[in-house]
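Subject: A structure for you to look at

Dear colleague,

I am passing on a structure that I would like you to look through with care. Please open it first, and then read my notes below alongside it.

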Amino acid sequence: MGEQERLAKDHALRARAARVIPGGGMYGHQSVASLPAGFPQYFERADGCRIWDADGNEYIDYMSAYGPNLLGYGNAAVEQAAAAQRARGDCMTGPGPVMVELAETFVELVDHADWMLLAKNGTDATTICVTIARAATGKRTVLKARGAYHGAAPWCTPAREGVLSEDRAHLHSFHYNDVESLEQTVDAHADDLAAILVTPFKHDVFRDQELVDPAFARRVRELCDRTGAALILDDVRAGLRMAYGCSWEPLGVRPDLSAWSKAIANGYALSAVAGGEALREAGARIFTTGSFWFSAVAMAAAVACIGEARRSHVVERTQALGERLRAGLRSQASAHGVGLRQTGPAQMPMILFDDDPDQSRVNRWTAETVRRGAYLHPYHNMFINGGHTEADIDRTLQITEEAFAAAAARR
Ligand SMILES: Cc1ncc(COP(=O)(O)O)c(C=O)c1O
């Protein structure tokens with residue numbers, strides 16, 4: 001079957017969308033605009049680790065909705081808790097009792113946290129963290145790693161259209177894992193430093209991922225202590241995938257604030273800010289809210305998701321599955337004479353090819369895997385979820401083996 005035929009409904013939807021949604025139908029990083037031909041834009045259904053596109057093609061999904069699917073799509077415990085809450089009420093004139101239960105659950109889960117605030121998207125959470133840090137310190141400057149993504153608000157969006165230089169006037173960058181560059185950037189702004197904002201590891205698009213150097217993480221903490229700036233850990237993408245708590249807990253480095261979203265409610269729209277005692281008062285002083293932020297269903301889903309994550313040992317299981325995939329790909333690549341770079345935590349894999357400056361090799365290979373039913377991404381880190389099994393990984397490895405051969409043949 002040709003590509004046109006395989007994705008006929010998808011292409012018809014894209015044509016309709018182009019008329020009524022700016023930018024050809026899909027905005028942001030979930031757009032297929034930069035993906036090779038053969039990647040569907042629209043999905044009809046999801047279950048466990050599988051997704052079905054609008055044309056009914058089935059895929060073993062390695063994007064997990066770009067992060068929110070932690071336990072598997074449609075996880076029974078989460079769906080039951082959400083359905084029970086939905087039957088009682090969702091968006092009401094005030095939050096449900098479940099908001100307090102979730103806050104208690106989170107404070108117990110995250111060791112630096114004495115309180116939490118809830119919102120909807122990761123950008124809400126990182127923006128609230130920065131606002132609290134500025135309110136607490138009375139200072140303006142925020143430091144972040146060059147290339148790190150923290151959301152789509154004017155103060156942090158990677159694009160510049162419609163953004164004023166004033167919006168970003170107090171945002172400066174250092175190089176991730178580079179203590180010297182961090183120290184120099186802190187020294188240059190030490191008098192006006194509100195926060196250092198950092199992700200638990202380097203997970204920028206189009207690049208090899210880098211685990212954090214523990215010495216770098218400790219130095220971030222020391223510099224925040226020395227200057228009075230808040231250490232904000234942006235755990236929006238990695239939270240609950242690396243540890244049952246903040247992703248820097250295993251290192252023993254405690255942030256002052258952490259931002260969460262994506263995986264905390266297994267696909268229900270929710271984000272959170274967790275903070276320590278010292279910033280409680282500033283957290284109460286800032287004004288932040290949203291019409292849908294107190295919806296009870298997502299909160300009930302989050303309580304169930306956190307419980308189920310621990311009960312099912314999702315961190316260890318997804319890590320073991322990721323290692324199985326990584327080992328299989330390593331031996332296939334070496335048999336095909338392909339230089340493959342697999343970086344980051346095994347449960348959040350990034351796969352890039354050597355000698356591939358224009359991404360054409362990884363594009364060709366992932367297009368072949370997608371055509372055969374394994375949705376692998378050529379430039380964004382992926383996410384193993386609790387719905388994957390060893391059999392899914394092994395089936396994927398059959399597909400990747402065929403894709404190596406097919407991609408070589410097409411060169
Ligand atoms: C590390 C990080 N921070 C913040 C965000 C923004 O989250 P959202 O897209 O939910 O606003 C993302 C989203 O990908 C992210 O990966």
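Is Tyr-375 buried or exposed? Before I answer, please keep in mind that this is a predicted model. Tyr-375 is buried, since its relative accessible area is 5%, and buried here means under 20%.

Tyr-375 also belongs to an aromatic cluster, which it forms with Phe-39, Phe-43 and Tyr-59. Within the structure there are 11 aromatic pairs, and one of them joins Phe-43 to Tyr-59 in an edge-to-face arrangement, with 6.4 Å from centre to centre and 80° between the planes. Because Phe-43 lies in strand β1 (residues 43-47) and Tyr-59 in strand β3 (residues 58-61), this pair ties together parts that are 16 residues apart in sequence. Tyr-59 counts as buried at 1% relative accessibility, whereas Phe-43, at 35%, counts as partly exposed. Phe-43 pairs with Tyr-375 as well, and because the ring centres are 6.0 Å apart and the planes stand at 70°, that pair is edge-to-face. Since Tyr-375 lies in strand β13 (residues 374-375) and Phe-43 in strand β1, the parts tied together here are 332 residues apart in sequence.

Turning to the ligand, the residues that surround it include Gly-122, Thr-123 and Lys-262. The protein covers 90% of the 390 Å² of accessible area that the ligand has on its own.

Technical notes. Residues numbered from 1 in each chain as written. Predicted model: local features only at pLDDT ≥ 70, side-chain atom pairs only at ≥ 80, totals over all residues. Heavy atoms only, no water. Near = heavy atom within 4 Å. Areas by Shrake-Rupley, 256 points an atom, 1.4 Å probe, with all protein chains shown as cover. Phe/Tyr/Trp six-rings, centres within 6.5 Å; stacked < 30°, edge-to-face > 60°. Helix = DSSP H or I, 4+ residues; strand = E, 2+ residues; numbered from the N terminus. Buried < 20%, exposed > 50% of the residue type's maximum accessible area, 1.4 Å probe, protein only.
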